[in-house]
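Me: Hi! Could you walk me through this one? I'm new to reading structures.

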Amino acid sequence: GRERGFDGSLPDVKWLFKSLEENKNADNVFLLSHVPPFSGDFDKSLEEEYRKLTTDFKNIRLSLHGHEHRYFFGMPYPENVNYLVTTTINKKGYTRVSVDGKEIKVEQEIF
């Protein structure tokens, strides 16, 4: 969003909605974007629309992000979807996500 001057074009929420609609029968859907929606670099005019997708599509299991150079795993919004922000390798860490059916395991690895 910041790269486009917060002009409402990034992320392309309409494209994301269409893609989610096309995959509404999938068991597990994972959203991935570099910038998490609660970041200051995410276009605030699109944050609510992005969040709404996580409640409209019940097969979204996890929203994965980077950019913040810190680790966060939890529910920053009242919806029942976890958000994962993984740290930078420069901080000697990474995150392992394992999926077994509908069970998701998230482990922070520090080395």
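Reply: Happy to! Helices (H or I, at least four residues) and strands (E, at least two) are DSSP runs, numbered from the N terminus. This is a predicted model, where local features need pLDDT of at least 70, side-chain atom pairs count only at pLDDT 80 or more, and totals for chains, interfaces and linings use all residues. Residues are numbered from 1 along each chain as its sequence is written, and side-chain values use heavy atoms, leaving out hydrogens and water.

Me: Ok, how many residues does helix α2 have?
Reply: Helix α2 covers residues 44-56, so to speak 13 residues. From first C-alpha to last it reaches 19 Å, close to the 18 Å expected at 1.5 Å a residue (1.5 Å times one less than the number of residues).

Me: Which residues of α2 are buried?
Reply: Leu46, Glu47, Tyr50, Arg51, Leu53 and Thr54. Buried means under 20% relative accessible area, exposed over 50%, and partly exposed in between (1.4 Å probe, protein chains only).

Me: And where do the buried ones sit around α2?
Reply: Down the axis of α2 they fall within an arc of 145°, so they line one face of the helix. The arc is taken from the directions from the helix axis to the C-beta atoms.

Me: What do they pack against?
Reply: The buried residues of α2 pack against α1 (13-22), β1 (29-32), β2 (60-65) and β4 (82-85); contact means heavy atoms within 4.5 Å.

Me: Is Ser45 buried or exposed?
Reply: Ser45 is exposed, with a relative accessible area of 55%.

Me: New topic: where is Ile89?
Reply: Ile89 lies in the loop between β4 and β5 (93-100). At 53% relative accessibility, Ile89 counts as exposed.
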